[in-house]
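Colleague: I am new to this structure, and I would like to hear what stands behind each term. Please begin with the words needed for a pair of helices.

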Amino acid sequence: MNHRLLVRPLLVLLLVVSPAAAAVRVLDIESKALLGNRTGDPAGQKVAVYLPPGYEENGARYPVLYLLHGIGDSFDVWLEAWNVPAMLDRLIAGGKIEPLIVVMPNGRNRFGGGFYVNSPVTGRWQDYVAEEIVALVDRSFRTRAAPESRAVAGHSMGGYGAIRLGMERADVFGTVFAMSPCCLDAVEDLGAANTGPWNAALAFQSLEEVDAALRKRDFYAATIIGFLMSVFPEREAPMGTRLPFRRERGELVAVEPLYTDFLQTFPMRTIDRSRENLLRLRGLAIDYGYADQFPHIPAASAAFSRELTERRIPHLLDAYRGDHRELVPERLEKVVLPWINSRLER
């Protein structure tokens, strides 16, 4: 008898029904926080949730990590491009991290992303994550529903969102890891800001023109408008924002007092009023690659770290040889996830 023919189907069957298998579920959520946003983005959203091996069988409660993607992406970047579920399976099987639940919200909107902040124009994306999704996950799964067992991490726009959540919602998230976070500070030198994308952004007369720019792959100018609508909004203004610059003889010129008010929206300028929340965190980490294609990210991340150090706020700054995206999976597997694992209370 050929035993090999009998054994192979049995192994396949065991793999399919294995009680220890991990799973990814996609949940639907109707968001009150996003309802009625001016950009026309749907209040109905989807959330991807990774459940670790053994979740269905053991009855245990798990800490939770929330992963926030960057601008222009969706949670598919974690599932497909960077295959985070398989990465988590490897780390758990190898004993590098303990089992946890990982939640991957969608943060993409009409203009690339809502930056995970509350805005009367683009919607209350921070409340959507920190209140609505957290409540849904805690209601739907066996979580350890406390800040010390809840972490948030993100890349680029998601890193910015993670920092903002740590600064403003330490009652929800106890650990923060910002990977190559954008937008921690403004470009104070207007000459350095006087670029084609900024000039193109200031020339837009309607949101439909921004849509047209995106169709032509003029990503940066559209992103600037999306950022301004999120962090510096004005619901009744034609562009959904108060423009802090104007063009004068081909140069960018600050419009006061709007420009000064705009500067005060950046995390660099809000450390003092967020100090109590930052000190509550069990862990705060920031990383960036030396060769990041967005020059403001290494400079602002290092400067943000210096400001945290001056105020005696514990944190980790980790700079490495790499660019904005290429090493994200490697960094997640070797650095970010093990570090977060060490900070979560179980």
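Modeller: Axes are lines fitted to C-alpha atoms, for helices over the stretch in contact, and the angles between N-to-C directions run from 0 to 180 degrees. Helices (H or I, at least four residues) and strands (E, at least two) are DSSP runs, numbered from the N terminus. This is a predicted model, in which local features need pLDDT of at least 70 and side-chain atom pairs count only at pLDDT 80 or more, while totals for chains, interfaces and linings use all residues. Residues are numbered from 1 along each chain as its sequence is written, and side-chain values use heavy atoms, with hydrogens and water left out.

Colleague: How do the axes of helix 8 and helix 10 cross, and at what angle?

Modeller: The axes of helix 8 (residues 196-203) and helix 10 (residues 219-231) come within 8 Å and cross at roughly 65°. The crossing is right-handed, a word used if the near helix is turned clockwise from the far one by less than a right angle, with anticlockwise giving left-handed.

Colleague: Which residues of helix 8 and helix 10 meet?

Modeller: Pro197, Trp198, Ala200 and Ala201 of helix 8 meet Tyr220, Ala221, Ile224, Ile225 and Leu228 of helix 10, where contact means heavy atoms within 4.5 Å. These contact residues divide into nine nonpolar, no polar and no charged, given that Ala, Val, Leu, Ile, Met, Phe, Trp, Tyr, Cys and Pro count as nonpolar, Asp, Glu, Lys and Arg as charged, and the others, Gly among them, as polar.

Colleague: Why is proline 52 called buried?

Modeller: Buried means under 20% relative accessible area, exposed over 50%, and partly exposed in between (1.4 Å probe, protein chains only). Proline 52 has a relative accessible area of 1%, and is therefore buried. Proline 52 sits in the loop between strand 2 (44-51) and helix 2 (55-58), and, not counting residues up to four places away in sequence, it touches Ala21, Ala22, Tyr62, Ile92, Pro99, Leu100 and Ile101.

Colleague: What makes threonine 122 buried as well?

Modeller: Its relative accessible area is 0%, so threonine 122 is buried. Threonine 122 lies in the loop between strand 5 (118-119) and strand 6 (123-124), and beyond four places in sequence it touches Asn37, Thr39, Asn109, Met229 and Ser230.

Colleague: Does arginine 312 count as buried or exposed?

Modeller: With 72% relative accessibility, arginine 312 counts as exposed. Arginine 312 lies in the loop between helix 13 (296-310) and strand 12 (316-320), and its phi is near 55°, a positive value in a residue other than glycine. Tyrosine 116 also has phi near 55°, but with a relative accessible area of 2% tyrosine 116 is buried.

Colleague: Where does helix 14 have a kink?

Modeller: The kink, of about 35°, lies at valine 336 in helix 14 (residues 328-343), shortly before proline 338. The bend at a residue is the angle between axes fitted to the seven residues ending there and the seven starting there. Helix 5 (residues 125-140) bends by about 30° at isoleucine 133, and isoleucine 133 is one of the buried residues of helix 5.

Colleague: How many disulfides does a search of the whole structure find?

Modeller: The search finds zero, a disulfide being a pair of cysteine sulfur atoms within 2.5 Å. Cysteine 182 is buried at 8% relative accessible area, and cysteine 183 is buried at 13%.
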